[in-house]
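Here's a quick tour of a single model, written for someone who likes to know the cut-offs behind the words. Have a look at the structure, then read on.

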Amino acid sequence: MDLIEQAKTLVRILNNPRDQKRWKVVTIWMGHNDVCTHPCNTSYTAFDASPRPYMRRLAQALDVLRDNLPNTFVNLLPVLDITIATEM
């Protein structure tokens, strides 16, 4: 399930009067699978994991959340910089 479908699923789950009024926090760990998929092997994915299409999919998912989940904070957690592991 891609990020857009996950956002739509979350909207369906929270689409009730009680949750519409509550404050919510959504955390998106963004790009980890895409970073591994794009340079390694795109033949087994059903989508283009290169940066521009990824950016469009992320924007669409954020639009779904913004337009359908009032009172919601969205945290975007970027890909971890693993190069720091060599310095440890």
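## Starting at Gln 6

Gln 6 sits in helix H1, which covers residues 3–13; helices here are DSSP runs of H or I with at least four residues, strands are runs of E with at least two, and both are numbered from the N terminus. Because its relative accessibility is 40%, Gln 6 counts as partly exposed. For that scale, buried is under 20% relative accessible area, exposed is over 50%, and partly exposed is in between (1.4 Å probe, protein chains only). Val 64 is 58 residues away from Gln 6 along the chain, yet their C-alpha atoms are separated by 10.0 Å.

A word on provenance: this is a predicted model, so local features need pLDDT of at least 70 and side-chain atom pairs count only at pLDDT 80 or more, while totals for chains, interfaces and linings use all residues. Residues are numbered from 1 along each chain as its sequence is written, and side-chain values use heavy atoms, with hydrogens and water left out.

## The chain overall

There are four helices and two strands in the chain, in the order α-α-β-α-α-β from the N terminus. Of the 88 residues, 25% are buried. The exposed surface comes to about 6700 Å², with carbon and sulfur atoms supplying 60% of it (Shrake-Rupley method, 1.4 Å probe).

Take the contacts (heavy atoms within 4.5 Å) between residues at least 6 apart in sequence: 72% of them join residues at least 24 apart.

## The nonpolar core

What makes up the largest nonpolar core? It has 10 residues, among them Ile 4, Val 26, Ala 61 and Leu 69. A core here is a set of buried Ala, Val, Leu, Ile, Met, Phe, Trp, Tyr and Cys residues joined through side-chain atoms within 4.5 Å. H1, S1 and helix H4 (51–68) each give two or more residues to this core.

Leaving aside neighbours within four places in sequence, core member Leu 69 is in contact with Leu 10, Val 11, Leu 14 and Lys 24. Asp 19 lies in helix H2 and counts as buried because its relative accessibility is 11%.

## One aromatic pair

The whole structure has one aromatic pair (ring centres within 6.5 Å, using the six-membered ring of Trp; planes under 30 degrees apart are stacked, over 60 edge-to-face, the rest tilted). Trp 23 and Phe 73 form this stacked pair, at 5.4 Å centre to centre and 25° between the planes. Trp 23 is in the loop between helix H2 (17–21) and strand S1 (24–29), and Phe 73 is in strand S2 (residues 72–77), 50 residues apart. Both Trp 23 and Phe 73 are exposed.
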